[in-house]
Every structure is written in structure tokens, then in C-alpha cells.
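Welcome! Take a moment to look over the sequence and the 3D view, and then we will walk through them topic by topic.

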Amino acid sequence: MSDTQWPRFMVFQQVVAGEPLVHNGTVHAPDLEMSLLNGRDVFLRRPAAHALWVVPVECILTKTIEELQDGSWLTGVKEAGGPMARYHVFGKLHHQGQLEQIGMVEAAGPEQALKTAMSEQQGRTVWVWWVFPVSSVLASDEDDIDSLFRFAESHDFKNQAYYPVITMMRQIRARGKR
Amino acid sequence: METRLNAGLAEYLIALGDDELILSHRDSEWCGHAPILEEDIAFANLAVDELGHARLWYELAAELLDEDKERFPDHLAYFRDASEWRNVQLVSLPNGDWAFSVLRRYLFDVLEVERLRGLKQSSYKPLAEAAAKIYNEELYHVRHGRAWLPRLGLGTEESHRRMQTALNDLWPFTPQLFQALPGESELSGVVPTTPGLEAEWRTKVVADLASANLNPPEKSNPMNRPRTQQTEHMMDLLSESQMVARANVEARW
């Protein structure tokens with residue numbers, strides 16, 4: 001049986017205007033436009049956000065620190081002619097952390113873009129690299145911020161005491177253990 | 001405001017809340033059953049939004065009637081029989097397939113946005129403020145529903161057939177959406193007239209449907225009953241949504 005799943009899209013979130021975007025996770029969607037809605041529904045209904053990006057998974061070139069370790073990948077990257085395009089560069093800078101936006105480069109292809117990014121970021125430990133063309137991104141519209149993200153005015157839902165049944169069950173269990 | 005106006009506006013708000021709460025219940029029934037995880041979560045979000053809207057309308061009604069803001073919404077939700085509800089029949093119809101549920105939401109949400117646009121201008125400040133908050137959420141609801149129309153309507157032969165069938169089944173229930181709500185005749189300047197929303201709704205809906213190759217049925221028998229009449233499905237719905245609250249009246253949630 002063939003795979004009936006929809007294609008995958010990476011979801012990125014910008015909490016405050018001007019800050020780097022961070023990777024949120026993945027959603028399935030029939031197309032890019034729907035993936036923006038799904039990304040919002042899965043990751044961003046409650047937390048505040050300024051912007052949301054979605055990118056088709058197949059548009060992202062990824063390399064891990066292990067894959068790049070012996071330098072053979074880097075030496076294999078050829079100089080390429082052809083039209084230049086802009087690429088977003090994301091990196092995982094901490095062992096336990098999300099990928100975050102670390103720059104933008106202009107290059108003739110994704111491999112050349114990563115090579116350029118690596119030389120620009122020299123000295124920095126990047127555990128995982130992602131590069132993708134700026135043109136592959138669908139970003140939420142500034143005009144839609146209110147309807148997309150501005151829902152949680154109170155954060156009661158994060159407070160356990162907000163759910164008396166949970167609190168009550170915990171007390172009952174604690175009583176049982178005594 | 002005078003007492004008579006208060007009572008009329010409370011009736012109006014309870015009817016709005018009833019629409020939201022019953023639709024919220026139907027949408028929540030998809031939880032764990034939607035065709036794909038992402039849509040399952042999306043529908044649960046929509047259901048929770050509508051639940052919040054119902055609560056806002058009921059709380060406003062409580063204030064007008066000098067009732068307790070905490071208890072009154074619970075009383076309305078859990079301790080009224082089917083004959084006391086004032087929602088439109090469209091929202092209580094069983095979910096059917098995914099096409100039916102998506103299209104039902106869309107038809108209803110387009111009207112809600114139009115109504116909220118008017119309510120935001122209400123001379124009664126608390127109502128205008130609540131409407132402004134709900135309006136932003138409903139813009140997203142319509143966006144979600146409208147996004148699905150062409151994807152299902154122009155998708156596969158099966159998805160188109162299911163959407164057209166759903167439209168044929170839902171269309172007869174749409175005239176009831178434009179009846180004046182309970183209390184509305186006394187509320188000029190406070191709320192927009194509901195019959196006045198129909199033209200704008202029809203223009204938008206027919207255009208969106210057409211771009212998804214969907215056509216309202218030429219002949220249909222309108223089910224234009226007063227809001228005091230509920231479908232037989234309301235009994236089943238309420239027996240489920242009210243069961244726990246009624247089984248233990250003293251319970252605190």
C-alpha cells in the first residue's frame with residue numbers, strides 16, 4: 001500500500017518582531033497554504049507569536065556536525081554558476097535546543113549556500129545546519145496577527161489549580177498513599 | 001438601560017450563545033476521529049473557541065438579568081430541556097461526514113463574522129467589546145473553512161461529490177439563520193438586524209462555493225422553523241452533554 005500521508009512542512013515561530021525565528025516542529029498538510037493554518041493550530045493557538053513560517057521539508061538541506069566532521073562533504077561542494085538566490089540559514093547551537101535562525105546568505109545553490117554559511121559562522125559550534133531558499137517560505141501576514149495568535153490573554157490554563165478536578169484527583173491519590 | 005430592554009437583549013444573547021454552544025459540542029465530537037491529526041487538533045481548537053464565545057454571551061446575559069456570572073452559564077448549558085434552547089437547527093444536525101461538518105461550520109461562520117461586524121458597533125459597550133474579541137477569532141474560523149472549500153470541492157471526484165451532497169443537505173436549513181432573533185425587534189441600535197445580514201452572506205457564500213465548483217441546489221424545501229422548535233437530534237445531544245452535570249447536581253468543576 002502506498003503512503004497516504006500528506007507531505008510534511010517545517011514550522012517556525014517568531015515570538016517577538018525582530019528576534020530570530022525558531023523551529024517549532026512538523027505538520028502534515030495537503031499544500032503550503034494549509035500547512036500555515038495547521039502549523040498555527042498545532043503549535044501556536046495559545047502562546048503569543050509575531051510570525052509563523054512554513055517550509056516544505058524537501059526544500060531544506062540539512063547537515064549534522066557528524067556528517068561534516070571529516071571535511072569530505074565540504075571539499076566535494078563544487079563552485080556553481082547560474083543565478084544567485086537568497087537562503088535562510090538555521091542552526092542548532094545547543095545540544096538540547098531548537099534550531100534557530102542564524103543568518104542569510106546569497107548563493108547559486110543550497111550546497112554553496114551552506115558552504116558560505118559555514119565559513120561565515122566559523123568558530124561557532126553548530127550541531128545541525130539547515131538551509132533553504134527564501135522563496136520556499138510562506139510567512140504569516142502582519143495583518144493577520146490578531147486573528148492568528150492573540151488569543152491567550154490570561155495564562156490560567158497553565159496553572160494546575162485552574163483544573164479543580166485534576167487537583168481533586170491528586171488529593172484523593174495522595175490520601176490513598178498515606 | 002430599561003428593564004424591558006435588558007430582558008430582550010438577554011434573550012438575544014442567550015440565542016447567540018446557544019448557537020455557539022451546540023456547534024461547539026458537534027465539533028468536539030470530531031475529537032479523536034478527524035481524518036488527520038492536524039485537522040483533529042484544528043477542529044478541537046474551533047470547538048474550544050466556540051465554547052468560550054458561548055460563555056461570553058451567557059455571562060453578558062447574566063449581568064443584564066442580575067444573575068450570578070459563574071452559575072448562570074452552567075444553568076443554561078446543563079439544566080435546560082431541548083424545548084428551552086434557541087439555537088438554529090443547522091448547528092444541532094449530526095456531524096455526518098467531514099465534508100458536512102466543514103461546510104456547516106463555513107456557512108455558519110460567514111454569518112457570524114457579518115453579525116459581529118455589526119455588534120462591534122453596538123451602543124451597549126460590554127457587547128461591543130465582547131464582539132471585538134470574538135470577531136478576531138471568527139476571522140480565523142472563516143479562513144479555515146474557506147481554505148477547505150476548493151480543496152474538497154475541486155479535489156477528487158469523491159470529495160466533490162461529498163461536498164455537493166453536504167451542500168444539498170445543509171442548504172434548506174440556511175433560511176432560518178436570517179430570522180430575527182428573540183428580543184431583536186426591541187434592540188435597534190444595539191444589535192444589527194439579522195434579516196439585514198442575508199444579502200452580504202449570500203454574495204460571499206455563493207462566490208466562494210462557485211470557485212469550488214459547488215452550487216446551491218435549485219430546488220430545496222426550506223426548513224425555516226422558529227428558533228423555539230428544535231430537531232429531534234437535540235434530545236440525543238443534550239442527553240450526552242448534560243448527563244454528568246445532572247447526575248451530580250452538587251459537583252464542582
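How many residues does the contact take from chain A, and how many from chain B? Chain A supplies 19 residues and chain B supplies 14. Keep in mind as you read that this is a predicted model.

**Where the chains meet**

- On the side of chain A that touches chain B, the elements giving two or more residues are strand 2 (22-28), helix 1 (32-43), helix 5 (145-148) and helix 6 (164-177) of chain A.
- Helix 1 of chain A gives the most to this side, with six residues.
- By residue type, the side of chain A that touches chain B divides into 11 nonpolar, three polar and five charged residues.

- The average pLDDT of chain A is 88, and 88% of the residues score at least 70.
- Within chain A, confidence is highest in strand 7 (residues 128-133), at a mean of 98.
- Confidence in chain A is lowest in helix 6, at a mean of 77, and helix 6 of chain A is also one of the elements giving two or more residues to the side that touches chain B.
- As a reading tip, where pLDDT is low, the predicted coordinates should not be read in detail.

**The build of chain B**

- The C-alpha trace of chain B spans about 55 × 40 × 30 Å along its principal axes.
- Why can chain B be called compact? A compact globule with 253 residues would have a radius of gyration near 18 Å, and chain B agrees because its value is 18 Å.
- Of the 253 residues in chain B, 43% are buried.
- Take the contacts in chain B between residues at least 6 apart in sequence: 76% of these join residues at least 24 apart.

**Two backbone angles to look up in chain B**

- Most residues other than glycine have a negative phi.
- B:Asp66 has a positive phi, near 60°, and is not a glycine. You will find B:Asp66 in the loop between helix 2 (37-65) and helix 3 (71-78) of chain B.
- Is B:Asp66 buried or exposed? B:Asp66 counts as exposed because 10 other C-beta atoms lie within 10 Å, and the cut-off for exposed is 12 or fewer.
- B:Asn213 also has a positive phi, about 55°, although it is not a glycine. Look for B:Asn213 in the loop between helix 7 (198-211) and helix 8 (233-241) of chain B.
- With 13 other C-beta atoms within 10 Å, B:Asn213 is partly exposed.

Notes: Residues are numbered from 1 along each chain as its sequence is written. Chains are lettered from A and ligands numbered from 1 in the order in which they are written. This is a predicted model: local features need pLDDT of at least 70, side-chain atom pairs count only at pLDDT 80 or more; totals for chains, interfaces and linings use all residues. Two residues are in contact if their C-beta atoms, placed from the backbone, lie within 7 Å. Helices (H or I, at least four residues) and strands (E, at least two) are DSSP runs, numbered from the N terminus. Ala, Val, Leu, Ile, Met, Phe, Trp, Tyr, Cys and Pro count as nonpolar, Asp, Glu, Lys and Arg as charged, and the others, Gly among them, as polar. pLDDT is the predictor's confidence in each residue, from 0 to 100. A residue is buried if 20 or more other C-beta atoms lie within 10 Å of its own, exposed if 12 or fewer, and partly exposed in between; C-beta atoms are placed from the backbone. The radius of gyration is taken over C-alpha atoms; the globule rule is 2.2 Å times the number of residues to the power 0.38.
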